[in-house]
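Welcome, and please open the model in your viewer. We will go from stop to stop, selecting a few residues each time and looking at what is there.

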Amino acid sequence: MSEKKRIIFHLDMDHFYTAVEEREHPEYKGKPVIVGADPKGGAGRGVVATSNYEARKAGVKSGIPISRAWKLCPEAIYLPPNFPLYIKVSNEIMDIARKYADKFEQWGIDEAFLDVSSKVKDYAEAEALAKQIKHEILAKEQLTCSIGIGPNKLTAKIASDYQKPDGLTVVKEGEVERFLAPLPVRKLLWVGRKTEAKLKALGINTIGDLARYDPAVLTETFGVMGTQMHLMARGIDRSEVEPRTEVKSISHETTFEEDTDDADTVLKALDALSEEVCKEALNQSLFFKTVTVKVRYENFETHTRSKTLPFMTNRQQDLKKTAKELLQAYLRHDRKIRLIGVRVSSFVKGEKQKTLA
Ligand code: TTP
Ligand code: CA
């Protein structure tokens, strides 16, 4: 049975939070801009959410401590995140993109997959359509995005990242393996730093190295993930663009003013985070099943633990209890904690009236 040919887009906004800030404040244009925790003159303890390309040139990127950003780029404009604004802009962009697709899947705040298979008859038409989407977003929102086009989600996602900012990369069916081969394995979805190190130890650096590797050995070493990785390296991905509730997870985290091993302080902060997360889930009428806590110790060693509940909930007491259970193992007298976080996921969209529980 021959499979139906698909054409998939992945759209990703360029340096999203800082791009929105630059749009709102044209005087920031051309200067390094960093959105994240308060740097407090170098003593701040949170992290960078994102930075514009000028700040990236100085080495400042998402996730690094804000104190490090301050060292690298003290002259940057530092801004706290304005989530309500980013969410509003995100919704407007998604509404623009959605209408071009047969099937649409929002992925995070500033990314989306579009299945446009029935809208275009070949890759030339696909490219023209992508230009039209980019044009409409620029005209209406004064923001640029990068779009990747390919025969599946995996290829489209990697292609959107290939030329940034304001990029458009087309990878036709039949060109996928050649496109992927020279890229580092890290570019494959789900390949984290630990897996990357293990692959390097096997002499696998590029996606091409992985594609040529004996799949039996990969499966033996990495289990199901090894089989999956080998398929991905060959550009094979049959997953569908799935319309779903836009939000995949809701999370909040906090960095303590001082590293602490005081259980009361940590648990109090954990309760406050659980309350914030629950409020957001309620606002969006979402019920969750999976709870994850994150702990970062003073030496930056970071752990996460999750639990999937046997029921859907959006009640504060359920989240508080589960988060506490998960965190217990990390409360130790010999180790101080720097940061904790709470995340909920596995959502189901609820009826409005049920959310008042
Ligand atoms: P990304 O799409 O990963 O990054 P970006 O849009 O800032 O930059 P790029 O041009 O490379 O796509 O994330 C989208 C937004 O999500 C980003 O603007 C800020 C937020 N974010 C965080 O808050 N923390 C993080 O660690 C990351 C990676 C992103
Ligand atoms: Ca982005």
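Before the first selection, one term: buried means under 20% relative accessible area, exposed means over 50%, and partly exposed lies in between (1.4 Å probe, protein chains only). Areas are computed by the Shrake-Rupley method with a 1.4 Å probe, and for residues only the protein chains shown count as cover. Helices (H or I, at least four residues) and strands (E, at least two) are DSSP runs, numbered from the N terminus.

This is a predicted model, in which local features need pLDDT of at least 70 and side-chain atom pairs count only at pLDDT 80 or more, while totals for chains, interfaces and linings use all residues. Residues are numbered from 1 along each chain as its sequence is written, chains are lettered from A and ligands numbered from 1 in the order in which they are written, and side-chain values use heavy atoms, with hydrogens and water left out.

**Stop 1: helix α5**

Select residues 123–141, which make up helix α5, and pick out I137. I137 is buried, with a relative accessible area of 0%.

A salt bridge here is a side-chain nitrogen of Lys or Arg within 4 Å of a carboxyl oxygen of Asp or Glu. Because E136 and K140 are four residues apart in helix α5, about one helical turn separates them. An α-helix has 3.6 residues a turn, so residues three or four places apart point the same way. Buried or exposed: which is K140? At 53% relative accessibility, K140 is exposed, whereas E136 is buried at 12%.

**Stop 2: helix α6**

Next, select residues 153–160, helix α6, where seven of the eight residues are buried. These are K153, L154, T155, A156, I158, A159 and S160. At the start of α6, look for N152: one of its side-chain oxygens comes to within 3.4 Å of the backbone nitrogen of L154.

What does K153 pair with? Its partner in a salt bridge is E105, with the closest N and O atoms 2.8 Å apart. E105 lies in strand β5 (residues 103–106) and K153 in helix α6, so the pair ties together parts that are 48 residues apart in sequence. Both K153 and E105 are buried.

**Stop 3**

Select D12, D14 and K164 to see a network of them. Then move to D334 and R332, whose salt bridge has its closest N and O atoms 3.0 Å apart. D334 is exposed at 55% relative accessibility, and R332 is partly exposed at 37%.

**Stop 4: strand β3**

Select residues 48–51, strand β3, and find T50. T50 is buried, with a relative accessible area of 9%. Its side chain makes a polar contact with the side chain of R56 (3.3 Å). A polar contact is a pair of N or O atoms within 3.5 Å; within protein, one must be able to donate a hydrogen and the other to accept it, and residues adjacent in sequence count only if both atoms are side-chain atoms.

**Stop 5: a charged patch**

Finally, select D261, D262, D264 and E298, which gather in a patch of negative charge on the surface. Patches are made of residues with over 30% relative accessible area and no salt bridge, with like charges joined within 9 Å and nonpolar side chains (Val, Leu, Ile, Met, Phe, Trp, Tyr) within 5 Å. Lys and Arg count as positive and Asp and Glu as negative, while His and the chain ends are not counted; each charge is placed at NZ of Lys, CZ of Arg, CG of Asp or CD of Glu. D264 sits in helix α12 (residues 263–283) and is exposed, with a relative accessible area of 58%.
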